[in-house]
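Here is a friendly walk through the model shown below. Keep the viewer open as you read, and turn to each part as its heading comes up.

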Amino acid sequence: MISKYYFLLLLLFTSFIVTSQKKFEPTEEDILLAKELSSSYPDEDIALLKHSEIIDFDYDKKADKVIVKNKFKQEFINLKSRTEIPLFIGYDDQSKIQDVYVNHRNGQSAGVRFKDEYYNQEELFHSDARIKWAGLNFPLLGYKYTFGYKKKYKDVKYFVNTFLDSYFPIVQKTITVNIPNWLDVEIKEINMETISVKKDKKEIENNGITQYTYTIENVEAVTKEENSIGPTHYRPHLLFLAKSHTKNDTKQVLLNNTKDLYKWYHSLVLQLNNDTESLKEKTLSIIANKNTDEEKIKAIYYWVQDNIRYIAFEDGIAGFKPEEAANVYRKKYGDCKGMANLTKQMMKIAGFDARLSWIGTRRIAYDYSLPTIAVDNHMICTVIVNDQKYFLDATEKYNPLGTYAERIQKKQVLIENDEDYILDTIPSNVSKNNIKTVVSSLKIEEEKLTGTIKRKYEGESKTDFLYNINNLKKDKKNEVLEYYIGRGDKNLVLDDISITDISNRDQDLHLSYNIIQNNAISSFENELYIDIDYYKSYQQLDFDKRKTAFVLPYKTLENTSTTIEIPEGYIVKELPENLSVNNKDFEISFNYKSNKDEIIYEKNINFKNAIISKTELSAWKEFHKKLKKQYQQQIILTKE
Amino acid sequence: MKKTSNLVTKIIFIISFIQTIAVYGQLPKIDNLAEYIWSEDDQYAELPAIPDKWQNESAVVILSDTDYYYFKAKKALNTHIIIRRIIKLNDQASVNEYSEFNQLGQNKQLIVKITKPNGSINIIDVDSEKVETSESDGTVISGIIYKSVKKSKLAIPDLEIGDIIDYSIYYKEREPIMGVLEAPSVRDVISGEYPIMNYELDIHSKKDFFISIKTENGAPQPTDISPEKGKNKRYSFKMKDIEKIDPIMWEYTLLDAPYVKFQIALEKEKKTEAFVGEEKSKIKDNVTDEEVLNYYKGITVFDHGYKGSDKYLKDKDFSKKERIEEAYYYMRQYYLNQFIEAAVAYQNDLTVDNPFQFYAFPKYITKELKFINYYASFLREEKIPFEMIAAIPRSQGKIDDLLFPDDITLFLKINLDPEKPLFVSQFGNHTNFNYIPYYLEGNEAYSLETGKGHRLETIKKVMIPVSDYKRNNSNQEYDITFVDGFEKIKVFKKSELKGHNKVSEINDRLNSLNFTEEDHEKYNTKRLYDRLKKKRNKKKYEKEFPAFKEKIVSVQKESYEESLEEELDFKIEDFSFEVLETGRYNIEDVLSYKEEFLAANDLLKRAGPNYLFEIGKFIGGQIAIEEKDKGREEDIRMPYPRSFNNTINLTIPDGYEVAGLDKLDIEVKNETGGFTSNHTLEGNKLTISTFKYYTHNYEPNTNWSKMLEFLEAAYQFSQQKILLKKQ
């Protein structure tokens, strides 16, 4: 219904703060500066004039922990007529926020009130992440505020990195790191080649502190783009590796190497009581009648995939410590660690050598040469049979044994091995294994194309399809399948849809149907114009403004072949020209041929690495222009 | 000061309420919800088998049971609700649907029991399984600290396909409000997205409460199952074997689906906003004409002594009709729109002091009844005969089914010329005189009239007229030229909207700033800026208002650009937008605006040296009726009769000629509506005109095939291409 009023809230209260506005209003210089910045960053509303971050380390005697004090001060300026932005500060059980303030340009408090709430993310059912947030209103061009706070980490282990750039353009930013001489911290500078940084190192006498200063100037805002690769891959940042400290004259190792990291992880695993009595009966029933090792592994792996719901929990130490397998089994839900642990314990009951394994998905740029908790974000289970390792990620639904999701392929995996660990790498897949094949045999009937279409899905294209279709309402499956194929386009009339067993992840998936495609042919005078490619795949992948790599869900290979019978009395007057491209990330070809009876159109699209890298963005942009033109081309038939 | 003390009373009252919850007889203690629901005599301790016909459903509701408890506490009426659902989950989609429960709070209790296919039962320990989700940290507003509210959510453990989930939620409907003597009315639609085996609804009332109940579309009648002794009164509704319903286009659920509606009231007084029966605890299942009359007699005041527009109308040489029309628009300005600037300034902090304090005694009308009282008083003073019409929206049923006053919309019928009555309904920012809201059109309604005095005295039923499709019109004209060879198209679009088509868009097209100026000028009312006396306010407003305006205009432009892209289904650039006429002072005036843009030529297909141009796309996306919907069995209920004119002017580029024009001439017309199109070609100017119209707001199902004829024709036109042939 139409909303009748612009104002419903006509509350009359009179507690307005009376202050002299003039002290807050932008000066002539500020306005000039804002205009200047706005011409440099025309798409931005706000810029950071000055941003300082100071990192200090201290020792908490009582807790016997090295702590980190991180102090922020940011000066914002408004580049547009009026802007509102959210301010937020994230923290969790391992950190504390103090002394938050927002001041006007004259230093007087702006009276901004922060709310404090759990940070609810869609993909996380529950976590200890919290935010303090407030809305900040810049009423005029050139308006300024200073925003500052202190964040304290209770344990240096949880202080992992800091980024140099920001979601606002930066005029000047400094990061100061004060490292006391009793602490061994390595600062890794990552992706620094993408930015111009002035570095400075000096000893502060009497204090026993080495001070590192990083200064950047005039840096563009980080672009927020969908299907983006993780920020550690491309954003300049400092990674902190706190290795040891010698407070009280004794050296105490923190995370000096991968072994120390593993030791800590393993210590959490050792805290589990692993009472798996309740899983026994189920496990044995799952593997009953299974003869070979592989059959048994498969049976348990698929059972966990199918019967345990993935629900993400990240709560304090529970963000690192797996849930007891018996609990996951009882609840039938768990996060990756819980699911990995359940898989492990069931495998052990079945007599296998099964181990928990830590892994960083492709979102994370680091590998296990870096002893930091930021290196991984995921857990799977590794089963070792003789010399063969089976990597089992039960969070991946409909994933056949022996295949691995794109997000963990080629990633290092840290496998449990008592006091030690084993480092291995998840095998990589090639796009050929994920092939989707579409074969169409069509005829022309007036202004329609009619015929049959056969589709085949393999590998991850199949996994993806199975996951989606199995989550649909049972009574709506056919309807939705029809919608999925026809995209709700009235021009497509589908019939006789048949699909192979959607509960079997080990077989290729076949889908076939009859089709009538209305309005596919335009006839003018003696000629027929055929729009042969209905789906025009990747036409929407427009990277005009894109700055970062584009990530695809998996290595994609789509081969489509369309045959159209030439109607009697017609000959081919013109076929579109062939088109092809081949580079590091994608290989695409369009081929058209004809004989007197039929036209054959073949399109092969291969995204070899499941990514269009930043270096290939311009190649895609250039190709995309051709692609759009290609899809506009019509096949012309003329009367003999 | 008063506000604060009210709130304090309310807080104290809530605390005492929580403590005494167990006192009210029938009501179970919150702590014992599980005992109450899964008691020894629970009929669903053993679950019935699912009928074969529903084995393939996503889920089947075995029991849908809702209990409403009403009781009096401290002169207010309280409502507590217990719902129980038992659902067999047949697929992953339904398991996902019921696997998480959110928004649990202190006053919302949940119990859950899962029955496995082997019959084993698992009662969920909600308290230990739930996790906290959010809490407010005690935000301070106007000196009152709101208590922090903790909420939690629950992931249901061990829930699998084939399980039966049995859950119950117990909550308070709203905080009791002192002096409000009726509970909110309830409409419970029985059918839903899953089929239902057993439906039960129970109303737990008291013998000394008033109750009205009515059931519709085949819903069951209430059964009185009150205990003989004591004060309690209980009504029960039971129904079995209910098929699921899928939402479809052009349909009102309440006209087809079975539902139960009811309301409880505490006392029979004038201030009760409910139709109250003669006898306590006797079901009232219809509202008589007399009751409607008495109800409105009690709350209307037509001798208001309204003088609001006197000053404006004075010395003006208006006819009677002009006088009442001008008075309407003046009132819209005086009681509503003149405060817009203050509201905008207040919400966006554009003045130092509260801007409302600069209006001597700000009087604004936002309530329908207040508007009716004011305007009817004016008509009486002018000695112009009128009727007050009390109508219910078509989507909610017929006037004979009326049960609750809050379903009623009021407007006035002015009988200056009995042959040509004029209509007036409550004003909004842009509403027009002589206008009836579309959702009332075509429904029967009550007409109430005053006698010699100012009191309403007579009541009768009348039919609300349905507007003409020609009056509800959108007229769009496109001028299209190719630029940069065939790379891009440049488009100039002008839109003119009238009637309901205007009303549905006007709030989006005008912002709160581009009409205040024309109103101030016309009515000589004082701008907010001129009301500001103190320098600090003036200075702040002077600077911040233009900045705010600039922001609003740019945000609005972006949103128009997006909506145009959506309408045309292609990307546009270099977009500009301008309102030409606001159409705010006369129902016959159009709202008109122009848009200009460049578009990459996604509508062009290459065919050798020639081009195919998808010209049909310019009539906008057309309704596409899929094969499966062609056999529709329901009647067709649309918002209002309406029509759409489109003119497309295309300049044919030099060196090209155009072919395929014969396909652009279409004519499909019948009594339900039509689609026609025709073209002219003069030199290099191709002009295509289309007209699509829906004659009525309702068509019986038997006319569906006729509607399909013109809907199909319009769709086919939207797919039409022309050939630009190289000469």
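## An open sheet in chain A

In this predicted model, four strands of chain A build an open sheet, and their order is E28-E29-E37-E32. The pairing in this sheet is antiparallel. Which strands stand at the edges? They are E28 and E32 (570-574) of chain A, and since each has a single partner strand, one side of each is left without a neighbour in the sheet. From one strand to the next, the twist averages 30°.

## Helix H3 and its two neighbours

Still in chain A, helix H3 (residues 277-287) packs against helix H6 (residues 336-349), with axes that come within 9 Å and cross at roughly 70°. At this angle, H3(A) counts as roughly perpendicular to H6(A), and the crossing is right-handed. On the H3(A) side the contact is made by Leu279(A), Lys280(A) and Thr283(A), while H6(A) brings Gln345(A), Met346(A) and Ile349(A). Sorted by class, this contact has 3 nonpolar, 2 polar and 1 charged residues.

How does H3(A) meet H4(A), which spans residues 293-307? Their axes come within 8 Å and cross at roughly 125°, which makes H3(A) oblique to H4(A). This crossing, too, is right-handed. Thr283(A), Ile286(A) and Ile287(A) of H3(A) touch Lys296(A), Ala299(A), Ile300(A) and Trp303(A) of H4(A). Here the classes come to 5 nonpolar, 1 polar and 1 charged residues. Thr283(A) takes part in the contact with H6(A) and also in the contact with H4(A).

## Where the chains meet

How many residues of chain A are in contact with chain B? There are 55, and they touch 61 residues of chain B. On the chain A side, strand E5 (115-118), helix H5 (325-331) and strand E28 (521-524) each supply at least two residues. The most comes from E5(A), with 4 residues. By class, the side of chain A that touches chain B has 21 nonpolar, 16 polar and 18 charged residues.

## A hairpin in chain B

Now turn to chain B, where strands E31 (residues 666-670) and E32 (residues 673-682) run antiparallel and are joined by 5 bridges. These two strands form a hairpin with 2 residues between them. A handy pair to pick out is Val668(B) and its bridge partner in E32(B), Phe675(B).

For the model, the scores are ipTM 0.86 and pTM 0.88. Chain B averages a pLDDT of 88, and 92% of its residues score at least 70.

Two stretches of chain B call for some care. Residues 1-26 of chain B have a pLDDT below 50, and beyond near neighbours in sequence this stretch has 13 contacts in the model. Residues 137-147 of chain B are likewise below 50, with 16 contacts beyond near neighbours in sequence. Where pLDDT is low, the predicted coordinates should not be read in detail.

Terms used:
Residues are numbered from 1 along each chain as its sequence is written. Chains are lettered from A and ligands numbered from 1 in the order in which they are written. This is a predicted model: local features need pLDDT of at least 70, side-chain atom pairs count only at pLDDT 80 or more; totals for chains, interfaces and linings use all residues. Two residues are in contact if their C-beta atoms, placed from the backbone, lie within 7 Å. Ala, Val, Leu, Ile, Met, Phe, Trp, Tyr, Cys and Pro count as nonpolar, Asp, Glu, Lys and Arg as charged, and the others, Gly among them, as polar. Two strands pair if DSSP finds at least two bridges between them. Axes are lines fitted to C-alpha atoms, for helices over the stretch in contact, and angles run from 0 to 180 degrees between N-to-C directions. pLDDT is the predictor's confidence in each residue, from 0 to 100. Angles under 35 degrees count as roughly parallel, over 145 as roughly antiparallel, 65 to 115 as roughly perpendicular and the rest as oblique. A crossing is left-handed if the near helix is turned anticlockwise from the far one by less than a right angle, and right-handed if clockwise.
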